[in-house]
Amino acid sequence: CRYPPEGIRGVAYAVTRAAEYGLKLAEYADKANDNLLVMCQVESVKTVDNIEAIGAVDGIDVLFIGPFDLSASMGKPGQFDDPAVADALDRAEGGIRASGKTLGGILRPGDSLAGMVERGYGLMISASDATLLRSGTASVGGPSLSAANSAALVAAGAASAAAAGAA
């Protein structure tokens, strides 16, 4: 995840916005490794089972628990009250705290940001962009995103794009 000589990450400085598309190659190259945030996702039981070893990897800044994917990997998507899912989440949180890495995650139903802080989270996401857009649309009387409404929105977007292309 680091640029050479510290790592093997690709060096496309000339086409990146961060290097002003090549106008500031030297300045970017000198500081790039100092400005990286390396975040790994914890989204499977195998990852939880290996959290101590993963947490020991030098250079990882954040271990981010994806509770929905973790529960789905157990065949229990979104069942956060299930004892096995709750145990996996607890083991992941404990292992990350013990590693000294920043514990990150997304707010799940039935939890609170305050609860996450109490459990040691240093990086929290309270909602996804799609959730915020859906809530905003509904708050102004717009459609909810049921399957029928979602299909209608896709069709309307396709029709709009076709009309724009014909203009």
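This is a predicted model: local features need pLDDT of at least 70, side-chain atom pairs count only at pLDDT 80 or more; totals for chains, interfaces and linings use all residues.
Two strands are said to pair if DSSP finds at least two bridges between them. Residues are numbered from 1 along each chain as its sequence is written, and side-chain values use heavy atoms, with hydrogens and water left out. Welcome to the tour!

**The chain as a whole**

- The chain holds 8 helices and 4 strands; helices (H or I, at least four residues) and strands (E, at least two) are DSSP runs, numbered from the N terminus.
- The chain has 167 residues, of which 25% count as buried. Here buried means under 20% relative accessible area, exposed over 50%, and partly exposed in between (1.4 Å probe, protein chains only).
- Among the contacts in the chain with a separation of 6 or more, 44% come from residues 24 or more positions apart; a contact means heavy atoms within 4.5 Å.

**The sheet**

- The 4 strands of an open sheet are arranged in the order β1-β2-β3-β4, with parallel pairing.
- Its edge strands are β1 (39–42) and β4 (121–125), each of which pairs on one side only.
- On average, neighbouring strands of this sheet are turned by 25° against each other, direction ignored. For such angles, axes are lines fitted to C-alpha atoms, for helices over the stretch in contact, and angles run from 0 to 180 degrees between N-to-C directions.
- β1 and β2 pair in the parallel sense over 4 bridges, and C40 has L63 in β2 as its bridge partner.
- Strand β2 (residues 62–65) runs parallel to strand β3 (residues 102–106), and 4 bridges join them.
- Across that pairing, V62 stands opposite T102, L63 has L103 as its bridge partner, and F64 stands opposite G104.
- β3 and β4 also pair in the parallel sense, over 4 bridges, and here G104 stands opposite L123 in β4.

**Side chains of β2**

- In a regular strand the side chains alternate between the two faces of the sheet.
- In β2, V62 and F64 point one way while L63 and I65 point the other way, and all are buried.

**Helix α5**

- Helix α5 (residues 83–99) has 17 residues and reaches 24 Å from its first C-alpha to its last, close to the 24 Å expected at 1.5 Å a residue. That expected span is 1.5 Å times one less than the number of residues.
- The buried residues in α5 are V85, A88, L89, A92, E93, G95 and I96. They cover an arc of only 165° around the axis, which puts them on the same side of α5; the arc is that of the directions from the helix axis to the C-beta atoms.
- Exposed residues P83 and A98 sit on the face of α5 turned away from its buried side.
- At the start of α5, D82 has a side-chain oxygen that reaches to within 2.9 Å of the backbone nitrogen of A84.
- G100 follows α5, and its phi is positive, near 85°.

**Two residues to look at**

- E93 is found in helix α5, and it counts as buried because its relative accessibility is 2%.
- The side chain of E93 makes a polar contact with the side chain of Y121 (2.7 Å). A polar contact is a pair of N or O atoms within 3.5 Å; within protein, one must be able to donate a hydrogen and the other to accept it, and residues adjacent in sequence count only if both atoms are side-chain atoms.
- Leaving aside residues up to four places away in sequence, E93 touches I65, L103, R108, R119 and Y121.
- P77 has its place in the loop between α4 (67–73) and α5, where P77 is exposed, with a relative accessible area of 54%.
- P77 and P67 are 10 residues apart along the chain, and their C-alpha atoms are separated by 8.8 Å.
- Not counting residues up to four places away in sequence, P77 touches S71 and A72.
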